[in-house]
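Hi,

Here is the structure I promised to pass on.

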2 protein chains.
Amino acid sequence: MNFFTYFSTKDLEQIHEATLTVLETTGLVFTHEPARDLFAKAGCKIDGKRVFFPRALVEQQIKNAPSRFTLYARNPEKNVVIGGDQIAFMPCYGAPFVHDLENGRRAGTLEDYTNFAKLACHSPHLDITGGMMAEPNDIPVARRNAERLYSSMVHSDKPFMGAGTGEADAKQTIEMASLVFGSREEMADRPPFISILCSLTPLGFDEAMCGGIMAYAKAGMPQLISSLAIAGATAPVTMEGMLVVQNAEILAGITLAQLVREGTPVVFAGSSSAAAMRYGTLSIGAPEMAVNTAATAQMGRFYGLPVRGGGALTDSKTVDSQAAYEAMMTMMTASLSGVNFVLHSAGILEGYMTASYEKFMIDTEICGMCKRVKRGPEITAEKLALEVINNVGPGGEFLTHPHTFKHFKQELYAPLMEERDNYDTWMSKGGLSIEQRASMRYKQILENYEVPEMDGGSRKDLDAYMASIRGN
Amino acid sequence: MNFFTYFSTKDLEQIHEATLTVLETTGLVFTHEPARDLFAKAGCKIDGKRVFFPRALVEQQIKNAPSRFTLYARNPEKNVVIGGDQIAFMPCYGAPFVHDLENGRRAGTLEDYTNFAKLACHSPHLDITGGMMAEPNDIPVARRNAERLYSSMVHSDKPFMGAGTGEADAKQTIEMASLVFGSREEMADRPPFISILCSLTPLGFDEAMCGGIMAYAKAGMPQLISSLAIAGATAPVTMEGMLVVQNAEILAGITLAQLVREGTPVVFAGSSSAAAMRYGTLSIGAPEMAVNTAATAQMGRFYGLPVRGGGALTDSKTVDSQAAYEAMMTMMTASLSGVNFVLHSAGILEGYMTASYEKFMIDTEICGMCKRVKRGPEITAEKLALEVINNVGPGGEFLTHPHTFKHFKQELYAPLMEERDNYDTWMSKGGLSIEQRASMRYKQILENYEVPEMDGGSRKDLDAYMASIRGN
């Protein structure tokens, strides 16, 4: 498939030039001293906390980053390639609230987190377990990172997300993962997790994020270097100006990671969107989010880097049509524009504030459908089926033809929860909406969930670590 | 924008070759004798009702069709170009049932039809009024075509759809349109409507459709030559084999139209999808519908013809998340793959069976968002905003910058009904879903609707025509 693109090569070069000008002339603020020291050593001009980047330095660091890498799962069948023509889906991240049909919106708990880890592991369409899928508000803040990691590693055998909350949590993530995935050297060769580190828009990085970037980079751990600019608030209101701000931030973050350790796997990660001007709030369900997703995809490809963008994003407060079409808009845009890594692919409601159980299930269906559309057709003699067409001929039927039996399972997407029955049968089964079917479905999965086996030694080490953390 | 594509040039040539082989070797059944006579005269072999097409004949007729044309509206500001990089949205077509939140599903009436004509005219995102938006079950069958046309022409000043129900209705459509849009010659120069004529899959055309194609072509009226194959039922289960069947049918229909009158404006129209194998029914919300939409777009472009594909399509029986994400999936695919004409862009529920008021409103929002995403960014110095970025600098804000005031209206999509407020404000306003807001919105539009003025002579002629039809 050839992805859809907005820009000509000349356009891309113009955006790149504009970005280098911002990096060189306007500069970025880094409040983290060790980061500034490293930049100074590499030849950046420093003025107070502001860092000005020579063009050649930035261009070299982009080249030092790999164009693709692999996340190694506990179950090797679930390894995930990040880059190339691949797309990887990962559920919601960072929501303080949880929503379900019966109880509405409430504070998230560790049980919610674990439930989402199980649902993510169970879904055939999600590739990565996730991290911070729901905030465990019932756990002391100091213990949350460890509890989340424990839950992710124990309840799912897919790759997972590390902490994106600063240096200490980054180091803890590496330490805990090492109990299951081997030495630091082994993990640098076969990284089992990825983390997200974000800029402080416009044109800055704070202490916590720089600490995280540097700790992970030192260990060779993959990271999403991410910018969330808001057109009309923290960036120019024009998509093009916002792209320059986003670009400058991502490239500055990537430069930092590469200066710590050349070849650190990084993802060019843009999640910028527009302000809802009437309210002064961020709108993540806006079509401008989709525009920026595709623009980011093309920009990252221009740099030869894996790209993050998109998600099942919505501003809706409830699981309704708005939540669904906004989610599909940006998921489809990501899939057709060549994004490689989609954070927030399932569950997000209310502009990152809430993780919904029903929407989680609905979004996994969206993930599956997007992958099917992305796969597309493939021209072979067997699939063109000229002989079959000639044999059946005008007015005939293909339902009972052996060619149909041979291919239908691979050819046709099998929905998880969709309604395709006729009206009367649907009514006789209760006339349920997909929200109601999703509610039944996630409970059924959780009830029957079998935790994937972990080797005894790893589990024992993890449990001992948690016991020490929990103070038991 | 460069549209996304599945096929290489070699792939396209292979599909084209396979199609010509089917047309030449397998042939198509035409039950309409005048059509067979015309094909025979043009050099086709005829065996009973089966017609075999020489390759050169088909290839010549494709070249005879224009690559783009214009539909001329009663209000010239609402003229619509069909072809090139344009996309035109048109609402639901052919639904026997109507659905609204209060009353559920019921038989459609002429009042429903007129309501949809008004809503289509009112929407800034729909380009064409429509036709058969709801079946007027309360009107005798013999009078339905005239009543629909009258309603379309009177209640909206956008281009509209003519009858797709056979020769007599086609002639009536031309006659009635002529009362408003001038002589047959004037209409051939400036066609005010377009009609859809469908094949009988697999590999046939019935009497009614051939009669319609020939009558419209004789008058130079634009038509969608449309195929709806069902993978696994009326076509091979493989997307590629289905595409060959669809392609053969469309090219045969186009050949007929061009043989009647060279240069007849035609649209290469594919709406094929997959069978829901578990039920043996057509699934229009399937991802295979999206795959075929993009494949059709590329195929039509290969022939240099305007393309129809996609729609706000769903198998859901109610206005829920499934209805919304399925609709967005195929609307977004159509927008990003270069489709020019999207039938069923608003209102469809339950696999073409039902037209929903609330979904109509929701889908018009989807239309607007798709157009915004398709428009994308545009690289200019003003939009890259380098000086603005440099002036604001790290940690600054853009909300109060003159650049934001200057551009935000053009840059940011203004939602019609979307919820972007914060949770507490949303709750304090009643915590309404978009379905509930859509319900309020369409009633408000209908209540305040002002029928666009029509010149007195035309209206008098139309009224006189209707009086004669109604037997008053």
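A salt bridge here means a side-chain nitrogen of Lys or Arg within 4 Å of a carboxyl oxygen of Asp or Glu.

Before the details, some housekeeping. This is a predicted model, in which local features need pLDDT of at least 70 and side-chain atom pairs count only at pLDDT 80 or more, while totals for chains, interfaces and linings use all residues. Residues are numbered from 1 along each chain as its sequence is written, chains are lettered from A and ligands numbered from 1 in the order in which they are written, and side-chain values use heavy atoms, with hydrogens and water left out.

**Salt bridges within a chain**

Over all chains, the structure holds 48 salt bridges. One of them joins K383(A) to E378(A), with the closest N and O atoms 3.8 Å apart.

D421(A) and K429(A) form another salt bridge, and their closest N and O atoms are 3.0 Å apart. D421(A) is buried because its relative accessible area is 10%, and K429(A) is exposed because its value is 54%.

In chain B, R459(B) pairs with D463(B) in a salt bridge, the closest N and O atoms being 3.3 Å apart. Both residues lie in helix α18 (residues 456-470) of chain B, 4 residues apart, or about one turn of the helix. Helices (H or I, at least four residues) and strands (E, at least two) are DSSP runs, numbered from the N terminus. R459(B) is partly exposed at 32%, and so is D463(B) at 29%.

**Where the chains meet**

How many residues does the contact take from each chain? It takes 106 residues from chain B and 106 residues from chain A, where contact means heavy atoms within 4.5 Å. Chain B and chain A bury about 9300 Å² between them, and 69% of that is on carbon and sulfur atoms. (Buried area is the accessible area, with a 1.4 Å probe, that two parts lose on being put together, summed over both.) K317(B), Y325(B) and R420(B) supply 9% of the area that chain B buries against chain A, more than any other three residues.

Between chain B and chain A the count is 8 salt bridges. K383(A) turns up again here: its side chain meets that of E240(B) in a salt bridge (4.0 Å, N to O). There is also a network of salt bridges that links E240(A), E288(A), R372(B), E378(B), K383(B) and E411(B).

Helix α11 (residues 321-337) of chain B gives the most to the side of chain B that touches chain A, with 10 residues.

**Cysteines**

A search of the whole structure finds 0 disulfides over all chains, a disulfide being a pair of cysteine sulfur atoms within 2.5 Å. C92(A) is buried at 0%, and C121(A) is buried at 8%.

A229(A) is found in the loop between β12 (223-227) and β13 (230-231) of chain A, and is buried at 0%. A229(A) and M242(A) are 13 residues apart in sequence and 6.6 Å apart in space, C-alpha to C-alpha. Leaving aside neighbours within four places in sequence, the contacts of A229(A) include T201(A), M242(A), V245(A) and S273(A).

H99(A) has its place in strand β7 (residues 97-100) of chain A and counts as buried at 10%. Not counting residues up to four places away in sequence, H99(A) touches several residues, among them R105(A), K317(A), Y357(A) and E358(A).

Cheers

Conventions. Buried means under 20% relative accessible area, exposed over 50%, partly exposed in between (1.4 Å probe, protein chains only).
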